[in-house]
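Here is a short briefing to read beside the sequence and the 3D view. Take it one topic at a time.

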Amino acid sequence: MCGTCGCSEESVHLNENRAAILAPPTYGNLLRLNDLQAERNRQLLDRSRVLALNLMSAPGSGKTSLLEATIRALQDSLRIAVIEGDLETENDALRIRALGVDVYQITTGTACHLDARLISRALQDLDLERLDLLFIENVGNLVCPASFDLGHHRNVVLLATTEGDDKPAKYPVLFRTADVVVINKTDLLPFLDDFSIVRATDSLRNLASHAPMFSLSAKTGADLQPWLDWLEEQVAGYRALHGQGKTLRPSFPLDHRKNRAPTELRFIPVTSGTALG
Amino acid sequence: MHELSLCQELLEQVEQLARQHAAVGVSRIVVRIGMLAGVEPELLQSAFAILRPGTSAEHAELVLETIPARIRCRSCGRESECRVNHLLCPICKSTDAVLIAGEEMWLAQIELLQRRADSMLLGDLAGISSPEANRDRTAGSEGASPREGRSS
């Protein structure tokens, strides 16, 4: 295998030849380049048996706090690293690094989401052979991250009680991608008269989503256990599949954008050599 | 706001197809966008207006076909059109539903302008030189084929 870009031995290095990515002439998918890179990323993760989770939420719902609590609880049993996506600052990375785990910071500048190319760079920098679990903390945004396969295995969507229980109805595209939804900041529920966990659950179920939901407080650590159990189940499930030479994909299929029918070509004969007259 | 990068990829694919078929221009591009695809059609149109100058699609019309969300109910088996955040069976009210349409995001059709002489030549060569191109051609069953162009 190629250690630089994750390409298979027989293929051309991705970083050296963009044409290698373009090679399969499968027209139609407008995220073709991203999806091809995402597959390469997944192969690279699978070679080292690293389960990667894409953590998505609105800004301020507590992604970093959830990671801190999770890392504290699991770092004795699992080797964990984090890729941090932020528009600016390394504040979140510093918080995670303080726990003694590897952090790769992606500062996206003005880009509102992570994509497979950015993750590919991060994967080159991380020592995957020494990892079991990789969290990718996406940019705080409930719109754009939904469309990008990063090459990860599971999607985690976080919703804070302060955001309102109708968030799934407002952002159906992103919430539909969730393999699990975590409701955070339950410690604030006594002070909020407008958030109902039942309504939040209904709002998700109305999206034809069967994803499990856990309510917890990353800050106090209350009810963290079901979430940790879910994570350990995912690691065990991934390893079992890995042993059979298979991989895990987010259960929300991103193949909707692939060609269901080939791009239809129509030919219009023109007599002059000019473009449209 | 990733419509700009989607549009770049769209134009790249259009350019490749135009080159592959020796087109002198592109008159029409049809993209299907599901209402749950996470793409805002208006923003995609704006991105197209920004990016098309200098490409073979400079004078092309971009047609965006919006596809509504449809589900199949796993309780009663019926199919229904739904609001994007209300994907439950309107008949039996079950939430045990599967989305069967509404997440599309793909380049469905393009119209390529070919010089008459070129189209004759390519029509002859397609079968022997490029099976790929030939397959693409046969996919466009309703369009004016190069062979029709030759016979007229």
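B:L62 lies in strand β2 of chain B, which spans residues 61-67. The model is a predicted one.

**Around B:L62**

- Is B:L62 buried or exposed? B:L62 counts as buried, because 21 other C-beta atoms lie within 10 Å and the cut-off for buried is 20 or more.
- Leaving out residues up to four places away in sequence, B:L62 touches B:I29, B:V31, B:Q45 and B:F48.
- B:L62 and B:A49 are 13 residues apart in sequence. In space, their C-alpha atoms are 9.4 Å apart.

**A three-stranded sheet in chain B**

- Three strands of chain B form an open sheet in the order β4-β3-β5, and their pairing is antiparallel.
- Why do β4 and β5 of chain B stand at the edges? Each of them has a single partner strand, so one side of each is left without a neighbour in the sheet.
- The edge strands cover residues 79-82 (β4) and 97-101 (β5) of chain B.
- On average, neighbouring strands of this sheet are turned by 40 degrees against each other, with direction ignored.
- In a regular strand, side chains alternate between the two faces of the sheet.

**Inside the β3-β4 pair**

- Strand β3 of chain B takes in residues 69-73. Four bridges link it to β4(B), in the antiparallel sense.
- Which residue of β4(B) is the bridge partner of B:R72? The partner is B:E79.
- B:I71 also has a residue opposite it in β4(B), namely B:S80.
- β3(B) and β4(B) make a hairpin with five residues between the strands. In this hairpin, B:G77 takes a positive phi near 80 degrees.

**Two helices that meet**

- Two packed helices are described by the angle between their axes and the distance between the axes.
- Helix α1 of chain B runs over residues 3-20, and helix α2 of chain B over residues 41-51. Their axes come within 9 Å and cross at roughly 55 degrees.
- The crossing of α1(B) past α2(B) is right-handed.
- From α1(B), the contact uses B:E3, B:L4, B:L6, B:C7, B:Q8 and B:L11. From α2(B), it uses B:L43, B:L44, B:A47, B:F48 and B:L51.
- By class, the contact of α1(B) with α2(B) has nine nonpolar residues, one polar and one charged.
- B:F48 of α2(B) belongs to this helix contact, and B:F48 is also one of the residues that B:L62 touches.

- Chain B has five helices and six strands. From the N terminus on, its elements run α-β-α-β-β-β-β-β-α-α-α.
- Of the 152 residues of chain B, 41% count as buried.
- Take contacts in chain B between residues at least 6 apart in sequence: 69% of them join residues at least 24 apart.
- Chain A has nine helices and eight strands.
- Of the 277 residues of chain A, 47% count as buried.
- For contacts in chain A between residues at least 6 apart in sequence, 74% join residues at least 24 apart.

Terms used. Residues numbered from 1 in each chain as written. Chains lettered and ligands numbered in written order. Predicted model: local features only at pLDDT ≥ 70, side-chain atom pairs only at ≥ 80, totals over all residues. Helix = DSSP H or I, 4+ residues; strand = E, 2+ residues; numbered from the N terminus. Buried ≥ 20, exposed ≤ 12 C-beta atoms within 10 Å, placed from the backbone. Contact = placed C-beta atoms within 7 Å. Pairing = 2+ DSSP bridges. Axes fitted to C-alpha atoms, helices over the stretch in contact; angles between N-to-C directions. Left-handed = near helix turned anticlockwise from the far one by under 90°. Nonpolar A, V, L, I, M, F, W, Y, C, P; charged D, E, K, R; others polar.
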